[in-house]
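Thanks for coming. I have one structure today, and I will keep it short.

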Amino acid sequence: MKRGLPPCEKTKRIAADCGNPLFVISRKYELFTGTKGMMDTKGIKGDKGQVNMKEAIRHITEIEACGPVQAFYTTAAWNDWQCNEKADLKAYEELGRHFMITPSEIVRIPQTHTAEVRKIKKEDGGDGIIRKAKEGYDGMITDEKGILLCTVEADCVPVYLYDPVKNAIGMVHSGWRGCAGKIAEHAVEGMQNRYGCRPEDIVAALGPCICGSCYEVGEELIDGFAGNFSEITSVIFKPKENGKYLLDLPAAIRYSLIRAGLTEGKIFADPVCTFESGDLCSWRRDHDPAARMLTGIMLSE
Ligand SMILES: [Zn+2]
């Protein structure tokens, strides 16, 4: 079994800067694989049009260390992913080559900020890539190998789930609406009901997202969380002097996963903040509708 490296100094510093006591400092490190194109002025495509995977893809090693599964996100160096618009097929072909699959073996969620989770089968492959995505869900689960479940993010929280016992996975896109609607818990429940997973066996990781020190929201969001998170609203919402609040979305999701039965030590939260990081996509910082990170998880064949 692969072993994760200890957190780098930068990761520790960012975690400390974000001041989030609910974070477990991630042992994530960049495991680089794939072709290495020469960097051009755009910083990503080589002279042969290859993607520099070292710059573009970071693997979630806490998940990958647990079994035959691949979990990753792309950085701002490779942000060709559209949110709900037509997919850039070339980018998904390149991604597919990296993971030795075709675009018809990738599913991209429609991203509509629901709390719904859909069971994905091989025949759903290509949804959101080579044909219009089915709508109405922001989370996916499967126990089928060789199908890549993808979400697209810029500040929202990607949640990776893997049960090494039942060999089932989940991929969740959680903004505040999905979180308030317990989408992460719905994904765990789905894995329980569909694949017989036990929550205590599931390993989870939160990908890069806007941290609790940067996510300024209005008071009205507190009402949105009052129904399902009333017991922790005073923890996840911090009042600011300007009348706004700071919302700690990763902390809420972490709480949500524990409530779903996951073991605290099996939840890895990436403390890297998209808003503060220079090499990740942040809607709040850049307001660039074309800049998105792709997050994905796939059971290996
Ligand atoms: Zn931050």
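A word on the model before that. This is a predicted model, where local features need pLDDT of at least 70, side-chain atom pairs count only at pLDDT 80 or more, and totals for chains, interfaces and linings use all residues. Residues are numbered from 1 along each chain as its sequence is written.

The protein has ten helices and 14 strands; these are DSSP runs, at least four residues of H or I for a helix and at least two of E for a strand, numbered from the N terminus. Of the 301 residues, 48% are buried. Buried means 20 or more other C-beta atoms within 10 Å of the residue's own, exposed means 12 or fewer, and partly exposed is in between, with C-beta atoms placed from the backbone.

Now the core. The largest nonpolar core holds 84 residues, and Leu 149, Tyr 160, Leu 161, Ile 169 and Ala 204 have the most contacts inside it. Helix H9, residues 249-259, gives the largest share of this core, six residues. A nonpolar core here is a set of buried Ala, Val, Leu, Ile, Met, Phe, Trp, Tyr and Cys residues joined through C-beta atoms within 7 Å.

Last, the loops. Which residues have a positive phi without being glycine? Gln 111 is one, with phi near 55 degrees, and Asn 167 is another, also near 55 degrees. Gln 111 lies between strands E3 (106-108) and E4 (117-119) and is buried, with 22 other C-beta atoms within 10 Å. Asn 167 lies between strands E7 (157-163) and E8 (168-174), and counts as partly exposed because it has 17 C-beta neighbours inside 10 Å.
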